[in-house]
Amino acid sequence: MDEQSRLKLAEPRFENGHFLLIAGLGGRFTQETNQGIPLLWEKFIPHIGKIPGQKNEMTYGICCNPDGKGEFEYIAGVEIDKLDDLPETYRWVEIQPQHYAVFEHKGTLDQLPEVFQYIWKTWLPQSGRELADAPEFERYSEDFNPKLNTGKLEIWLPIKA
């Protein structure tokens, strides 16, 4: 409870997202094993700028393909413009246009578990909003640097309009 009250998370803005095609490295995780996600990012970072059809340097962390038992797929990736030349090494996901609550996180990556706890366990139940059946994702600006804590990190939560 104290952890959540110390978080400085502004109220979200609401946006209609557009179609995204994201490719990167993926793995399956649960709430108990999600500490492996930073290792996935470490493996992915050298691929940035080398993925066929990559559109820009913005990166995404996509939570998708839940199994209904608490396991989900996480893809650390970038936006691409087509699948034609994508090597089999990479996982990909299409994100359809959707309504989102967008939270801006200004703290360190170490605080992300608390941020997600706050969004899912406090904000969502109190908001009167309903979660949509669509991928949730983190969007990291092109200048995002987790070591210097610079750049912009947004969490896009799919909600029913």
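Which residues have the most contacts inside the largest nonpolar core? Select Y74, F103 and I119: those are the ones, in a core of 32 residues. A nonpolar core here is a set of buried Ala, Val, Leu, Ile, Met, Phe, Trp, Tyr and Cys residues joined through side-chain atoms within 4.5 Å. Buried means under 20% relative accessible area, exposed over 50%, and partly exposed in between, using a 1.4 Å probe and protein chains only.

A quick note before moving on: this is a predicted model, where local features need pLDDT of at least 70 and side-chain atom pairs count only at pLDDT 80 or more, while totals for chains, interfaces and linings use all residues. Residues are numbered from 1 along each chain as its sequence is written, and side-chain values use heavy atoms, leaving out hydrogens and water.

Now colour the elements that give two or more residues to this core: β2 (20-29), α2, β4, β6 (98-105), α3 and β8 (153-158). The largest share, 7 residues, comes from α3. Helices (H or I, at least four residues) and strands (E, at least two) are DSSP runs, numbered from the N terminus. Another core lies apart from this one, with 12 residues, among them I22, Y100, V102 and W156.

Go back to Y74 and show what surrounds it. Leaving aside neighbours within four places in sequence, Y74 is in contact (heavy atoms within 4.5 Å) with residues including L25, F29, W41, C63 and Y140.

Next, the largest pocket, with about 1500 Å³ of space. On a 1 Å grid over the protein atoms alone, a pocket is an open set of points where a 1.4 Å probe fits, with protein on both sides within 12 Å along at least five of seven lines; lining residues have an atom within 4 Å of a point. Grid points are joined across faces, edges and corners, and the volume is the space filled by probe spheres set on them. Select I37, C63, Y74, F116 and E138: of the 45 lining residues, these are the closest to the centre. α3 supplies the largest share of the lining, 6 residues.

Stay on C63, which counts as buried because its relative accessibility is 18%. C63 is in no disulfide (a pair of cysteine sulfur atoms within 2.5 Å); the nearest cysteine sulfur, that of C64, is 7.6 Å away.

Last stop: L148, in the loop between β7 and β8. L148 is exposed, with a relative accessible area of 61%. Select T108 too: the C-alpha atoms of L148 and T108 are separated by 9.1 Å, though the two residues are 40 apart along the chain.
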